[in-house]
Amino acid sequence: MTLIETTPIAGQKPGTSGLRKRTAVFMGPHFLENYVQATFDGTGGAAGKTYVVGGDGRYFNDRAIQVILRMAAANGALRCIVGQGGILSTPAASNLIRKTGADGGLILSASHNPGGPDADFGLKFNGANGGPASESVTAEIYARTQDITAYHIAETQDVDLGALGQQRLGDMVVEIVDPVADYAALMEDLFDFNAIAALFQGGFTMRFDAMHAVTGPYATAILEDRLGAAKGTVMNGTPSEDFGGGHPDPNPIWAKDLMDVMYADDAPDFGAASDGDGDRNMIVGRGAYVTPSDSLALLASKAHLAPGYQGGLAGVARSMPTSGAVDRVAEALGISCYETPTGWKFFGTLLDAGKVTLCGEESAGTGSDHVREKDGLWAVLLWLNILAETKMSVADLMAEMWGTYGRCYYTRHDYEDVEADRANAMFDGLRARLGDLAGEVFAGQTVAWADEFAYDDPVDGSHASAQGLRVGFEGGGRAVFRLSGTGTVGATIRLYLEQLETNAARLGLDPAEVLAPINAAALALSDLPAVTGRDAPNVIT
Ligand code: VG1
Ligand code: CO
């Protein structure tokens with residue numbers, strides 16, 4: 001065991017979901033080691049603990065795992081449970097932590113960010129409940145990165161990550177497990193696999209775009225091998241270190257291959273995609289893209305059709321920028337709907353306390369109390385279970401939902417790589433004017449209310465401030481401004497636009513057209529184009 005002297009490295013503050021940096025930064029001297037030691041120290045030390053370790057297979061995944069294992073051993077950990085080949089999707093890691101009673105997990109991923117030597121890498125810590133570290137734990141880890149003086153690491157040979165079963169690393173046991181088996185078993189518990197298999201047997205067709213990322217092996221094992229979907233249902237199913245050179249973010253822009261398939265004349269019945277680490281999902285029917293906010297609402301309204309949820313839902317939760325569609329379903333069901341800040345860590349207390357069963361975010365994350373992470377393949381299987389039970393098409397299900405609850409037209413505009421100073425100037429300027437906006441008219445839209453979102457956790461009482469600037473308009477429109485917390489260069493401004501429509505004659509319109517007035521008002525009242533020097537978003541989802 002060796003004690004290596006080090007000094008604090010600036011910039012190790014975790015964002016919305018763990019620490020994300022350029023891969024080269026993560027590979028720099030002591031960078032990974034400092035952060036891992038701070039993680040152990042900030043969570044009560046590793047002595048006697050059991051950890052789950054795995055990642056999305058991106059460049060540097062395997063080497064980083066070897067370092068983490070040597071450091072866990074040197075810090076006195078009892079056992080590390082590692083996905084074979086170093087692979088674990090984020091939801092599978094969450095499940096393993098819960099199932100094995102581990103004290104926590106280290107998940108190596110920068111999720112939807114591209115991977116490779118010139119792209120991004122990330123690491124996050126999940127607690128014993130299987131969920132992302134809370135704000136207070138994260139703050140503790142960050143504090144340790146700022147006063148670190150040394151780290152412990154064992155001098156040993158590499159662990160064979162490919163060999164299933166037990167190995168020893170000093171006094172620590174390393175157990176290499178099949179990354180898919182336990183997760184697939186959990187899915188089989190929750191969903192009616194016979195009904196879904198019968199659906200495929202009856203000629204139902206689908207495409208699942210794994211985007212060269214971690215869900216490839218999971219989707220192939222579950223959809224093709226167990227449920228009998230045709231070979232080739234899973235596309236881009238072999239994980240690669242740089243995700244095939246792509247951007248593993250399942251939205252209509254980055255999952256364009258799938259969108260082209262789903263909007264072709266011979267489109268299959270159902271399409272889905274997942275992100276780098278398998279916690280996001282995109283749902284698209286034949287010629288019918290489903291926004292994540294609408295998907296959450298639909299799943300909430302029909303979850304009882306799946307065996308795992310047949311008793312109904314305790315409640316639901318959505319992140320603040322997510323549309324109000326699920327609120328309308330919750331109201332009809334007579335259950336609570338919680339509004340939390342962006343990031344899955346804020347759902348943990350509600351799930352642990354049994355206050356909510358389902359939760360979701362507009363960024364293509366949906367999940368339930370089966371684990372403590374969002375879960376891409378889970379959402380796809382719940383959709384399949386609902387499709388099997390209702391025998392309706394995706395488009396018909398959406399039309400039925402909008403007819404019942406109204407339609408929350410929704411879109412998100414991302415202004416990426418904005419100069420940080422300019423982005424901050426825009427937020428500061430708007431924040432200063434928020435109190436005076438009500439009653440003002442911008443581009444023909446009258447402001448009804450405006451505030452900065454803050455959250456008091458109803459379970460543990462913790463407070464989160466500065467979680468986004470919100471402006472509500474008369475007539476049910478809303479614009480939200482937020483700064484991304486997952487980027488690695490510059491600032492990304494996210495502008496979330498929403499308009500509720502309950503007029504039955506106006507439920508099938510083009511979202512871009514419906515939302516154009518809200519967008520114009522948001523740009524006018526924030527002065528975004530002038531302050532940032534940007535006249536259009538880079539990505540519209
Ligand atoms: C984004 C999303 C947020 C999500 C987070 C992590 O954060 O907006 O909803 O929870 O990514 O997702 P931000 O701060 O960039 O807006 V994942 O799949 O990248 O771990
Ligand atoms: Co992800």
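**A tour from the core to the ligand**

Begin with the largest nonpolar core of this predicted model, a set of 158 residues in which Leu69, Ala72, Cys80, Ala300 and Leu382 have the most contacts.

Now centre the view on Cys80, one of the residues with the most contacts inside the core. If neighbours within four places in sequence are set aside, the contacts of Cys80 are Tyr51, Val53, Leu69, Ala72, Met172 and Val174; among these, Leu69 and Ala72 are themselves listed with the most contacts in the core.

The next two stops concern the backbone. Most residues other than glycine have a negative phi. Select Phe243, a residue other than glycine whose phi is positive, near 50 degrees, and which is found in the loop that runs between strand E11 (234-235) and helix H9 (256-262). Is Phe243 buried or exposed? Phe243 counts as buried, because it has 29 C-beta neighbours inside 10 Å, where 20 or more are required.

Move on to Ala364, which is likewise not a glycine and has a positive phi of about 80 degrees. Ala364 sits in the loop between strand E17 (358-361) and strand E18 (365-368), and it counts as buried because 27 C-beta neighbours lie inside 10 Å.

Finish at ligand 1, and display the 18 residues that surround it, of which the closest are Thr16, Ser111, Ser484, Gly485 and Thr486. Coloured by residue class, the shell around ligand 1 divides into 12 polar, 5 charged and 1 nonpolar.

Technical notes:
Residues are numbered from 1 along each chain as its sequence is written. Chains are lettered from A and ligands numbered from 1 in the order in which they are written. This is a predicted model: local features need pLDDT of at least 70, side-chain atom pairs count only at pLDDT 80 or more; totals for chains, interfaces and linings use all residues. Helices (H or I, at least four residues) and strands (E, at least two) are DSSP runs, numbered from the N terminus. A residue is buried if 20 or more other C-beta atoms lie within 10 Å of its own, exposed if 12 or fewer, and partly exposed in between; C-beta atoms are placed from the backbone. A residue is near a molecule or strand if its C-beta atom, placed from the backbone, lies within 6 Å of it. Ala, Val, Leu, Ile, Met, Phe, Trp, Tyr, Cys and Pro count as nonpolar, Asp, Glu, Lys and Arg as charged, and the others, Gly among them, as polar. A nonpolar core is a set of buried Ala, Val, Leu, Ile, Met, Phe, Trp, Tyr and Cys residues joined through C-beta atoms within 7 Å. Two residues are in contact if their C-beta atoms, placed from the backbone, lie within 7 Å.
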